[in-house]
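Subject: Structure handover

Hello,

Please find the structure below, followed by notes on what was found in it.

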Amino acid sequence: MTKHLNISQLLMALFLVLFLNPINSQKRIFNYSDGPYVFFEGDTTQIYWMKKGKLELATYIDSIVQREDAPQINDQPVDFYFDLVQRDIPLDHQVEYNDIPKVAAISDIHGQYDIMFDLLSSNGIIDDEGNWHFGDGHLVITGDIFDRGDKVLEIVWFLIDLERQAKAAGGKVHTLIGNHEWMVLSSDVRYIHKKYRYVSALFKKQYNLLFGHDSFIGNWLRSKPIYVKINGTGFVHGGISEELFDYTNMEDLNTIYYEEVLSQDTLKNSALADFLTNTESPLWFRGYAYEGEYDERRTKKLLKKMNADRIVVGHTSMPNIFSINNNRIIFIDSSIKLGKGGEMLIVKGNKFYSCDTEGNQKRL
Ligand code: CA
């Protein structure tokens, strides 16, 4: 409980805890730990987490949860906390960033928290404790932190804390939306790990409702961009197809996605919404990976339309990070999802490096 409650707040909190007690007496059907899941109800912030298959609840009257008051899950690889639970999360829609001294990117983590941690720590983005170590650099997560693996929430809370630390150091974490984030938000649960089926059952809620408009993580996800351009390099989960320019432009892409797709409970019945969620859309497009589709001429023409020098994409899984057309298209989904290792991208000036979990950096 927060430390500065008055008597009536304390009684109310006690009442809420007792009232919701039946949840706590539920039979343990599995041993997973997960969470926390944060929901807003009226003036209260309710934080649920699971310890060895048992759902626990804390109710906070404040909307700000101090670090020392936050629940922690002891058997997770690291203790994770959150400092600030805000109801209004500012939209992270700025498209262009210039003169950024250091840039790194990692993609398609898919619940593989440990591999992500190894990549970031071996390559100087975080220290051994998981704290931001990249100064005024920018780290881009090019989508698909959700689905497949079983440490999705660990990644979410890690990134929320890392964002705060990066900002304080003059840097930034850009968490881009991938098709799997949208799939979860729109209740396509085909790819969730079985752990989350149990979580969903324990909550007696459809999985997507754990990330609804009354939830902190849901609002955090919805605030995220689709596309960002740093020092002339564009980053997007799937890719930018020429068809996109029939519907919108790069400057409006983040806002349009928010308005048409991410902020909606059911997809709008419009040609634009259809495009934004089909296989030619920035979240699903795989065209660059088809051999011979994007030669240098077509790539240059596309990049000119995008007003970018190059594009970095995830989504299409490869054994290693690699590039085509003189580093104009860089593929960075290095199959982290298989749980066996992977690579991340580091940009130093005009040089691009694929970096592994041992900290080996190889120039592209
Ligand atoms: Ca994907």
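Which residue takes a positive phi in the hairpin of β2 and β3? Lys-52 does, with phi near 45°, and the hairpin has two residues between the strands.

Before the rest, the ground rules. This is a predicted model, in which local features need pLDDT of at least 70 and side-chain atom pairs count only at pLDDT 80 or more, while totals for chains, interfaces and linings use all residues. Residues are numbered from 1 along each chain as its sequence is written, and side-chain values use heavy atoms, with hydrogens and water left out.

Overview

The protein chain has ten helices and 15 strands; these are DSSP runs numbered from the N terminus, helices being H or I of at least four residues and strands E of at least two. Of its 364 residues, 55% count as buried (buried is under 20% relative accessible area, exposed over 50%, partly exposed in between, with a 1.4 Å probe and protein chains only). Among contacts between residues at least 6 apart in sequence, 65% join residues at least 24 apart (contact means heavy atoms within 4.5 Å).

Strand β1 (residues 34-41) pairs with β2 in the antiparallel sense over six bridges (two strands pair if DSSP finds at least two bridges between them). Glu-41 has Thr-44 of β2 as its bridge partner. The hairpin of β1 and β2 has two residues between the strands, and Gly-42 in the turn has a positive phi of about 55°. On to β3 (residues 54-60): seven bridges join this strand to β2, and the two run antiparallel. Gln-46 stands opposite Thr-59 in β3. Strand β2 (residues 44-51) has seven of its eight residues buried, so β2 is largely enclosed by the rest of the structure.

β11 and β12 (residues 329-331) pair in the antiparallel sense over three bridges, and Phe-322 stands opposite Phe-331 in β12.

Helix packing

The axes of α3 (residues 113-122) and α4 come within 9 Å and cross at roughly 35°. On the α3 side the contact is made by Tyr-113, Met-116, Phe-117 and Leu-120, and on the α4 side by Glu-154, Ile-155 and Phe-158.

Helix α8 (residues 253-262) has seven of its ten residues buried, so α8 is largely enclosed by the rest of the structure. The buried residues of α8 pack against α5, α7, β8 and α9.

In the loop between β9 and α8 sits Met-250, which counts as buried at 3% relative accessibility. Leaving aside residues up to four places away in sequence, Met-250 touches Val-95, Tyr-227, Ile-240, Leu-244, Phe-245 and Met-306.

The calcium site

Four protein residues donate to the calcium ion: Asp-144 (OD), Asn-179 (OD1), His-237 (NE2) and His-315 (ND1), lying 2.2 to 2.4 Å from it. Donors are N, O and S atoms within 2.8 Å of the metal (3.2 Å for Na, K and Ca); water is not among the atoms, so sites may look incomplete. Along the chain the donors follow the spacing D-x34-N-x57-H-x77-H. Asp-144 lies in the loop between β6 and α4 and Asn-179 in helix α5, so the pair ties together parts that are 35 residues apart in sequence. Asp-144 is buried at 1% relative accessibility, and Asn-179 is buried with a relative accessible area of 4%.

Regards

Technical notes. Axes are lines fitted to C-alpha atoms, for helices over the stretch in contact, and angles run from 0 to 180 degrees between N-to-C directions.
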